[in-house]
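We will go from stop to stop, picking out residues and looking at what surrounds them.

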Amino acid sequence: AAAHYAPAIVVGSGYGAAVAALRLGRAGVRTVVLEMGRLWETPGSDGKVFPSTSAPDQRSMWFRTRTEAPLAQFLWLDVVNRDISPYPGVLDRVNYGDMSVYVGRGVGGGSLVNGGMAPTPRRAYFSEMLPRVDADEMYGTYYPLARAMLGVNDIDPAWFESTEWYRFARTSRKHAQNTGLKTVFVPNVYDFAHMKAEAAGTAPRSALAGEVIYGNNHGKKSVDKTYLAAALGTGNVTIETLQRVVAVRPDPAGGYVLTVRSIDLAGRVTGTRELGCAQLFLGAGSLGTTEILLRARETGALPLLSEKVGLGWGHNGNVMTARANHLWDTVGADQSTMPALGIDDWDNAANPVFAEIAPLPMGFEHWISMYLAITRNPERGSFTYDAATDSARLNWRRDQNTPSVNAAKNLFDRINRRNVTVYRHDLFGGNRAFADNFTYHPLGGCVLGDATDDFGRAKGHPGLYVVDGSLVPGSLGVNPFVTITALAERNMARILAQDPR
Ligand code: FAD
């Protein structure tokens, strides 16, 4: 048995983990949250908590000597990335051969770095992906609960139509409409009232100062400000930072023992300890949770785990692309970093695409329309445990992106044809028009109903739960965090009502 003990431990502090922490705290369960990243609340020497996107410093990325931004180039020049010193920065890019995955690091996980887009999937597609989840309950109870808790809000349409900050989105909308395509407003967790005040000069700028991917200094309701603040408010939850969970084994006396490594801001391991708990909630994200469970199964620590742990991974069909506009179709030097509009062609049965109209705030007019396309891709990846490096490796081949690239190409070829425009080839490296070598939406690895039961209980090991995006079977058709949050709410309600503590 371990020297230190907590009734419940939550690993990670992103969406799923934050829901687990709050619901455990409200139920009166003393809970320790272990997060490998740092707490983002202390300003650096520049007076800001997060660095700017245009001049990133050590705070930008997780232990790197150079930043690895998704847009590597502009006009074929390497102008975006910067040399930095290694530090537990807020954005990580996990490189697995043919696929790189961006994830957030710190108290709040991905909510610190993401674009805040908060759509709810088409109900029919949700049911196709998660057929055993009661959709009435999700759409009637848990989606509304998740949206309210996360602070999801809508842009004022009149302001959207008039502000210079969304000119880029209106230009893309015009081209989509010329092509006979439908666009929709996408709700967000960035406070649009704050954004309006930024534009009016009455609030400090964040979305209107180019901030995103390396954190937002103002305006964004990341889960450290919502769920986790409420969890701490119960008095039952504590959060420990720079704590990386590296192993899990059963405690012969019941419950689980974790091996936890603490690091300092230089990345040095300052200690390794064991922590025991009765109930263990894994919220380390698709990559983190899957790695912890796969390692435990493959090393024999948790031998009864399902053979399905490590399977069913997908990237939500993510592909980025960009178009060059005519000189009269300006996108503006001023661009909000929070997307507010999407091209919704998901009902196109042959070629479903939901394309977020993405900003590219460079501070000057560049006539580029950017998109993050979410496509329907039936391909799935899997993780294998590599004993030599004690880590999980993602098996995903470049050609598995073909359905996604074809779908995006089909949509944007139509838009280019109709508007007599062309793709930009200078933005993603390698002279490519489609960036299909990275994703923002890692999903799966411990799929609900396969690696776990229908509520996230790990098969074979009672008291062990999965609460994050690893439960989602690889595809949702829209940006995922509202669904991850709503599913966690649903599963935690069941677990707290039924399971012994
Ligand atoms: P995460 O939020 O990834 O949290 C996992 C946490 O666990 C992290 O803090 C991590 O540091 C920690 N952790 C991992 N391993 C360990 C370990 N061994 N020990 C301790 N701690 C550990 N989604 C949307 O819906 N809308 C968007 O607009 C959007 N934009 C995005 C933009 C970017 C740049 C990125 C990177 C993502 C974006 N996403 C967006 C995706 C969204 O952020 C993720 O789907 C979401 O954060 C996943 O939630 P999660 O609970 O599964 O885990």
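This is a predicted model: local features need pLDDT of at least 70, side-chain atom pairs count only at pLDDT 80 or more; totals for chains, interfaces and linings use all residues.

Start by selecting 15-26, which is helix H1.

**Stop 1: inside H1**

Colour H1 by burial. Of its 12 residues, 11 are buried, so the helix is largely enclosed by the rest of the structure. Among the buried ones are Tyr 15, Val 19, Leu 22, Arg 23 and Leu 24. If you check the distance from the first C-alpha of H1 to the last, you get 17 Å, close to the 16 Å expected at 1.5 Å a residue. Step past the end of the helix to Gly 28, which follows H1 and has a positive phi near 85 degrees.

**Stop 2: the nonpolar core**

Next, select Ile 9, Ala 18, Ala 20 and Ala 21. These are the residues with the most contacts inside the largest nonpolar core, which has 142 residues. In soluble globular proteins, nonpolar side chains tend to be buried together. Centre on Ile 9 and show its contacts: beyond its neighbours within four places in sequence, Ile 9 is in contact with Val 32, Leu 34, Leu 258, Leu 275, Cys 277 and Leu 280.

**Stop 3: around the ligand**

Now select the ligand and the 41 residues around it; Gly 12, Gly 14, Gly 109, Gly 110 and Gly 288 come nearest. Which helix gives the most to this shell? Select H8, which contributes 4 residues. H1, strand E4 (99-104), strand E7 (243-250), H8 (285-298) and H10 (481-498) each supply at least two. Coloured by type, the shell shows 17 nonpolar, 20 polar and 4 charged residues.

**Stop 4: two loop residues with positive phi**

Most residues other than glycine have a negative phi. Asn 316 has a positive phi of about 60 degrees although it is not a glycine. Find Asn 316 in the loop between strand E10 (311-314) and strand E11 (318-324). Is Asn 316 buried or exposed? Asn 316 is buried, with 26 other C-beta atoms within 10 Å.

Then jump to Trp 367, in the loop between strand E13 (353-358) and strand E14 (368-375). Its phi is also positive, near 60 degrees. Trp 367 counts as partly exposed, with 17 C-beta neighbours inside 10 Å.

**Stop 5**

Apart from neighbours within four places in sequence, Ala 324 is in contact with Trp 367, Ile 368, Thr 421, Val 422 and Arg 424. Ala 324 counts as partly exposed, with 16 C-beta neighbours inside 10 Å.

Finish at Ala 355 in strand E13. Ala 355 is buried, with 28 other C-beta atoms within 10 Å. Not counting residues up to four places away in sequence, Ala 355 touches Gly 342, Ile 343, Tyr 371, Leu 372, Ala 373 and Leu 411.

Conventions: Residues are numbered from 1 along each chain as its sequence is written. A residue is near a molecule or strand if its C-beta atom, placed from the backbone, lies within 6 Å of it. Ala, Val, Leu, Ile, Met, Phe, Trp, Tyr, Cys and Pro count as nonpolar, Asp, Glu, Lys and Arg as charged, and the others, Gly among them, as polar. A nonpolar core is a set of buried Ala, Val, Leu, Ile, Met, Phe, Trp, Tyr and Cys residues joined through C-beta atoms within 7 Å. A residue is buried if 20 or more other C-beta atoms lie within 10 Å of its own, exposed if 12 or fewer, and partly exposed in between; C-beta atoms are placed from the backbone. Two residues are in contact if their C-beta atoms, placed from the backbone, lie within 7 Å. The expected span of a helix is 1.5 Å times one less than its number of residues.
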